[in-house]
Amino acid sequence: MTTVLNVSGVNKRFGGLQALDNVNLKVEEGQTLAIIGPNGAGKSTLLNVCIGRLTPDSGSVEFHGETLIGKQPYEINQAGVARVFQTPEIFPELNLLENVMIPALSKRNGAFHFNIISRIREEKQIESDAINYLTEFGLQDQSDNEAGTLSRGDKRRLELAMCLVQKPKLLLLDEPTAGMSRHDTNTTIELLKKIKESGMTKVIIEHDMQVVFSLADKIVVLAQGAIIAGGTPDEIRNDPKVQEAYLGEEQV
Amino acid sequence: MDTISRKGELRMMALFAVIVLLMPIWLIPFGAAYPDLLQKFAIFGIFAVGFNILFGLTGYLSFGHAVFLGVGSYAAVWSFKLFTMNVIPAVIFGVLFSGIFAAVIGFVSLRRSGIYFSILTLAFAQMSYNLAYSVLTPITNGETGLQLRLHDLRMIDGLFIEAGEGLPLTNLFGIKMSGYPGFYFCAVLLILAFYLALRITNSPFGMALKAIKSNQLRMGYTGFNTRPYLMSAFMISGMYAGLAGALLAVTDPLAGAERMQWTASGEVVLMTILGGVGTLFGPLLGAGLIKYFENIFSSYNDALLQETFSFLPDMLNNLVVGIISPFVGDGWHLTLGGLFMVIIIFLPGGIVGGITMLWRRYIKKRGASAELEGETS
């Protein structure tokens, strides 16, 4: 198995706070890695380091052997990393079809393409690709609606469709079920399971234990910026250090 | 934001061409069918359509677009002075130079977005305006404005044509560019400019611009480098303004610094918002309305009003004229301001946005009643 993402020796300090303390982790192809930890453990910081939003003080982040540090978001996406945000980031004023066609165009044409007089209507291949993904995510009936009118759960599904239409090599998810109802959470879990079956490599940051234990192949526990445990879901469940730092709160 | 099919596009363009080319006829009842005003409709239509490519599609509000209008005019007049009175090179130079200016101003201003972008463009515009007035007098002829002179070089014309008496006139291979021929020249360019704007709006490039307006963060994480997209939109829209500026010089060959003043930049913003930001026809409608008000309302004076209401008894006549007179003549801005406020408050989508909303409601109503009929039968 090849290593898709390799984070080694990453440190990040915000003033007096050691947000990330010598973090090492590896994501193998086809694997779903979950990063969990209490609030303020550094989960989002770690994700932001991975996608170039933050530059670490030291250490390296490599994607298929290529460094991601110092790269622009669009370069990281063009390299094959797609990201799902904590609050769904979509194009609210455009319709669903356009929302999915745009990432497909970026995948085909690259970061900039000056095609000012070709007609979007005649991009049949892109359009049918987009429709396929909308159908797969159960959104095909709404494809003419403005994306801003969707429910939160549907927005999340649209965002996933937007990411997957690019056939990324790595999918990063930042709390994909945050703020969702139980019902929406369950449908999202089903969706993520389906994506997992297709062999997608994923990194998930999550609070919801149900989501983590039903999806992850490997779990990494962060506390105060350092990795305190890592292993399969069963190993993590029984690790006393983890129970103390994180799960313990829930069992009270 | 629906895109239209190739057939729909053709129909729309045909209709548009007919409407524009027949303006000298159907504007007669409005008292607006004279060449000077018709030329202004076409020229400021181009200006507003181009402005809308930036503001309507990307949401970046430039408050200094009149710079490109001014640059276009100066470049065109210089072309008349140095090379030839033919308008084709003048138009090409106008577009070219405004494109260069747009590249420079855009490169700096597009480092910021939102209000900071607007302020930067405004600063550039005021800078250019003041430079044109002072330091750059050798090029712009300062306060007097750049004009044609008898002893201008006119290198190309000098080779072919014997210099006649008096100032030469702008022409298109011999056709004089004043009056109606001038209007038709501008109208044809307006139709072409509108067609290009239509194609841009319905292209993948245009969709990317709309997406930038909608969510720039997502655009980055979707793999788009937004800077060159914004840069291209800014330059295209600057070149539209340059074309409009050059045409102002074509129909009346002089260029003054006041063309770059912030009020001129503000005017195109008003036109676009009044007609409907982001719509294809809105900016044209806005440009037409504002130029109409400017020319028609401002020409009304008290005497003319007295005459219009002369059928009323004297006292009533004086009263009515007293009430109306502040809104016409020099006070036409008051009418424009009032109209602008009414539209912003009641029709945030501008005139075209309002019409679209009414149309949708009508369709919905008709759909609902058709459904009802279907159920009862």
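Biologist: How far apart are the end C-alpha atoms of H9(B)?

Modeller: This is a predicted model, in which local features need pLDDT of at least 70, side-chain atom pairs count only at pLDDT 80 or more, and totals for chains, interfaces and linings use all residues. Residues are numbered from 1 along each chain as its sequence is written, while chains are lettered from A and ligands numbered from 1 in the order in which they are written. The expected span of a helix is 1.5 Å times one less than its number of residues, so the 23 residues of H9(B) should span 33 Å, and this agrees with the distance between its end C-alpha atoms, 33 Å.

Biologist: What covers the buried residues of H9(B)?

Modeller: A residue is buried if 20 or more other C-beta atoms, placed from the backbone, lie within 10 Å of its own, exposed if 12 or fewer, and partly exposed in between. The buried residues of H9(B) include Phe183(B), Leu190(B) and Phe194(B). Helices and strands here are DSSP runs numbered from the N terminus, with at least four residues (H or I) for a helix and at least two (E) for a strand. The cover of those buried residues includes, in chain B, helix H1 (6–21), helix H3 (35–58), helix H5 (87–109), strand E2 (171–172), H10 and H12.

Biologist: Which helix supplies the largest share of the side of chain B that touches chain A?

Modeller: Two residues are in contact if their C-beta atoms, placed from the backbone, lie within 7 Å, and 27 residues of chain B are in contact with 28 residues of chain A. Helix H9 (179–201), helix H10 (204–214), helix H11 (216–221) and helix H12 (226–251) of chain B each supply at least two residues of that side. The largest share, 7 residues, comes from H10(B).

Biologist: What is the radius of gyration of chain B?

Modeller: Chain B has 18 helices and 4 strands. The globule rule, 2.2 Å times the number of residues to the power 0.38, is set against a radius of gyration taken over C-alpha atoms. For 377 residues the rule gives 21 Å, and chain B is as compact as a globular protein of that length, because its radius of gyration is close to this, at 23 Å.

Biologist: Which strands stand at the edges of the open sheet of 6 strands in chain A?

Modeller: Two strands pair if DSSP finds at least two bridges between them, and the order in this sheet is E6-E7-E8-E3-E9-E10, with mixed pairing. The strands at the edges each have a single partner strand, so one side of each is left without a neighbour in the sheet; they are E6 and strand E10 (226–231) of chain A.

Biologist: Which residue stands opposite Ala82(A) in E7(A)?

Modeller: E6(A) and strand E7 (residues 170–174) of chain A pair in the parallel sense over 4 bridges. Val81(A) and Arg83(A) point one way from strand E6 (residues 81–84) of chain A, while Ala82(A) and Val84(A) point the other way, and all are buried. Opposite Ala82(A) stands Leu171(A).
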